[in-house]
Amino acid sequence: MSQVGLGITAVAQAVIVVLSGSVALLGDTLHNVADALTAVPLGVAFLLGRRAATRADTYGYGRAEDLAGIIIVVVIAASAVAAAWTAATRLLHPAEVTHLPWVAAAGLVGFAARACPTRWSSSVRSSVSGLCNDPCGMTA
């Protein structure tokens, strides 16, 4: 359910990114998209991992989680490269950021979209760590 919330938040933020030209909000938007998309390979891996061993696959499908981990790292790395490329381009070719109140509101909504699921998270410590690091990265 939180992935749907992150997806909706990312779409709303993307609209404001297009209107405002904010690279910081683009980074947060890409982060939300990556977070929402990484649940897919992880969910598939968990489902495959439940399968029993067969004659052909005597150890079962537990390695699917390893493959999902690689996919997740690639998605996160791709979003970081996209944000870095855009930021470097903006440094070389500055442009004015408009609609600042909307950018600020979208940033707060993005923070809230990641903060709300923390309440139900089984790994509160890692979630709180992510919450503390995310706003710092977004404002940098």
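Histidine 99 is partly exposed, with a relative accessible area of 41%, where partly exposed stands between buried (under 20% relative accessible area) and exposed (over 50%), computed with a 1.4 Å probe and protein chains only. This residue sits in the loop between helix 3 and helix 4. Its phi is positive, near 55°, although histidine 99 is not a glycine. Most residues other than glycine have a negative phi.

The model is a predicted one, in which local features need pLDDT of at least 70 and side-chain atom pairs count only at pLDDT 80 or more, while totals for chains, interfaces and linings use all residues. Residues are numbered from 1 along each chain as its sequence is written, and side-chain values use heavy atoms, with hydrogens and water left out.

The chain holds five helices and zero strands, with helices (H or I, at least four residues) and strands (E, at least two) taken as DSSP runs and numbered from the N terminus. Read from the N terminus, the order of elements is α-α-α-α-α. Of the 140 residues, 25% count as buried. Among contacts (heavy atoms within 4.5 Å) between residues at least 6 apart in sequence, 64% join residues at least 24 apart.

An α-helix has 3.6 residues a turn, so residues three or four places apart point the same way. After helix 1 comes glycine 21, with a positive phi near 80°.

Helix 4 can be described in a similar way. Residues 100–115 make up this helix of 16 residues, which reaches 22 Å between its first and last C-alpha, close to the 22 Å expected at 1.5 Å a residue. Val103, Ala106, Gly107, Gly110, Ala113 and Arg114 are its buried residues. They cover an arc of only 125° around the axis, which puts them on the same side of helix 4. The face turned away from this buried side carries the exposed residues Pro101 and Leu108. Arginine 114 belongs to helix 4 and is buried, with a relative accessible area of 10%. Arginine 114 and aspartate 35 lie 79 residues apart in sequence but 9.3 Å apart in space, C-alpha to C-alpha.

Helix 3 has 29 residues and reaches 42 Å from its first C-alpha to its last, close to the 42 Å expected at 1.5 Å a residue. Ala64, Ala68, Ile72, Ser79 and Ala83 are the buried residues of helix 3, and what covers them includes helix 2. Histidine 31 has its place in helix 2, residues 23–49, and is partly exposed at a relative accessible area of 23%. Histidine 31 and valine 75 are 44 residues apart in sequence and 9.8 Å apart in space, C-alpha to C-alpha.

The surface also deserves a look. Leu67, Ile70, Ile71 and Val74 make a nonpolar patch of about 370 Å²; patches are made of residues with over 30% relative accessible area and no salt bridge, with like charges joined within 9 Å and nonpolar side chains (Val, Leu, Ile, Met, Phe, Trp, Tyr) within 5 Å. Leucine 67 lies in helix 3, residues 64–92, and counts as exposed at 51% relative accessibility.

The model has one salt bridge, defined as a side-chain nitrogen of Lys or Arg within 4 Å of a carboxyl oxygen of Asp or Glu. Arginine 63 forms this salt bridge with aspartate 66, and their closest N and O atoms are 3.0 Å apart. Arginine 63 counts as exposed at 65% relative accessibility, whereas aspartate 66 is partly exposed, with a relative accessible area of 41%.

Notes: Expected span 1.5 Å × (residues − 1). Arc of directions from axis to C-beta. Areas by Shrake-Rupley, 256 points an atom, 1.4 Å probe, with all protein chains shown as cover.
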